[in-house]
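Student: I have this one open on my screen and would like to go through it with you. Could you start with a pair of packed elements and then move on to single residues?

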Amino acid sequence: RDHSEWRCWLEGPSGLYSSTYCLLSIVFPSRYQTIYQGGVFISRSSGAFIKIRRIWILTLLQFGNAVLLLAAAWYGPVPSLWLIFAAVLFEGLLGGAGYVNAFNNITLESEPGDREFAMGAASVADTLGISLSGVVSLPFHDWMCNLN
């Protein structure tokens, strides 16, 4: 098995791409996951109080957040780890809000006879999207760690 993230961590900074990203991807995943899931929990719990009809805006914000994090990984160290934690929390808030509001919009906009099918189709699409992003992220992570 290739442990490129460990090799990246042990070699130290070099070239355009420092080992900071690789080090953080080893040391902080549990913290990132906890912060992300905290954001998801908060936004899903507030779905009864905050309704978002135009969920495509959340998608644009998620894309912007991804571009920001990719630029931070590409161009070097971030001045504070708290900025990364804030971006991860924001991503969790956006993801949870998108999820809860998508199903809320299905409930509001679909006919009662079609609602069960629409909920099932949305659930399958959500699961496939998450699975596909996980598969794509594996080689992408290795590629980023080997940019030295």
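Tutor: Let us begin with two helices, α5 (residues 81-109) and α6 (residues 115-145), whose axes come within 9 Å and cross at roughly 160°. Please keep in mind throughout that this is a predicted model.

Student: How are α5 and α6 oriented to each other, roughly parallel or roughly antiparallel?

Tutor: Angles over 145 degrees count as roughly antiparallel, and the axes of α5 and α6 cross at roughly 160°, so these two helices are roughly antiparallel to each other.

Student: And the handedness, left or right?

Tutor: The crossing in which α5 passes α6 is right-handed.

Student: Which residues meet there?

Tutor: From α5 the contact involves Y99, F103, I106 and T107, and these meet R115, A118, M119, A122, S123 and D126 of α6. Sorted by class, the contact of α5 with α6 has six nonpolar residues, two polar ones and two charged ones.

Student: Staying in α5, what about N101, buried or exposed?

Tutor: N101, which is found in helix α5, has a relative accessible area of 2%, and because buried means under 20%, N101 is buried.

Student: What does the side chain of N101 reach?

Tutor: The side chain of N101 reaches the backbone oxygen of A97, at 2.8 Å. If residues up to four places away in sequence are not counted, N101 touches I50, K51, I52 and I55.

Student: Switching to S43, where is that one found?

Tutor: S43 is found in helix α3, which spans residues 29-45, and its relative accessibility is 6%, so S43 counts as buried as well.

Student: Which backbone oxygen lies 3.2 Å from a polar atom of the S43 side chain?

Tutor: That is the backbone oxygen of V40. Leaving aside the neighbours within four places in sequence, S43 is in contact with G92, L93, G96, A97 and V100.

Student: Zooming out, how many helices and strands does the chain have?

Tutor: The secondary structure comes to six helices and zero strands, so to read the chain along its sequence is to follow the pattern α-α-α-α-α-α.

Student: How much of the chain do buried residues make up?

Tutor: Buried residues make up 26% of the 148 residues in the chain.

Student: And what share of the contacts joins residues 24 or more positions apart?

Tutor: Among the contacts in the chain with a separation of 6 or more, residues 24 or more positions apart account for 74%.

Notes: Residues are numbered from 1 along each chain as its sequence is written. This is a predicted model: local features need pLDDT of at least 70, side-chain atom pairs count only at pLDDT 80 or more; totals for chains, interfaces and linings use all residues. Side-chain values use heavy atoms; hydrogens and water are left out. Axes are lines fitted to C-alpha atoms, for helices over the stretch in contact, and angles run from 0 to 180 degrees between N-to-C directions. Helices (H or I, at least four residues) and strands (E, at least two) are DSSP runs, numbered from the N terminus. Angles under 35 degrees count as roughly parallel, over 145 as roughly antiparallel, 65 to 115 as roughly perpendicular and the rest as oblique. A crossing is left-handed if the near helix is turned anticlockwise from the far one by less than a right angle, and right-handed if clockwise. Contact means heavy atoms within 4.5 Å. Ala, Val, Leu, Ile, Met, Phe, Trp, Tyr, Cys and Pro count as nonpolar, Asp, Glu, Lys and Arg as charged, and the others, Gly among them, as polar. Buried means under 20% relative accessible area, exposed over 50%, partly exposed in between (1.4 Å probe, protein chains only). A polar contact is a pair of N or O atoms within 3.5 Å; within protein, one must be able to donate a hydrogen and the other to accept it, and residues adjacent in sequence count only if both atoms are side-chain atoms.
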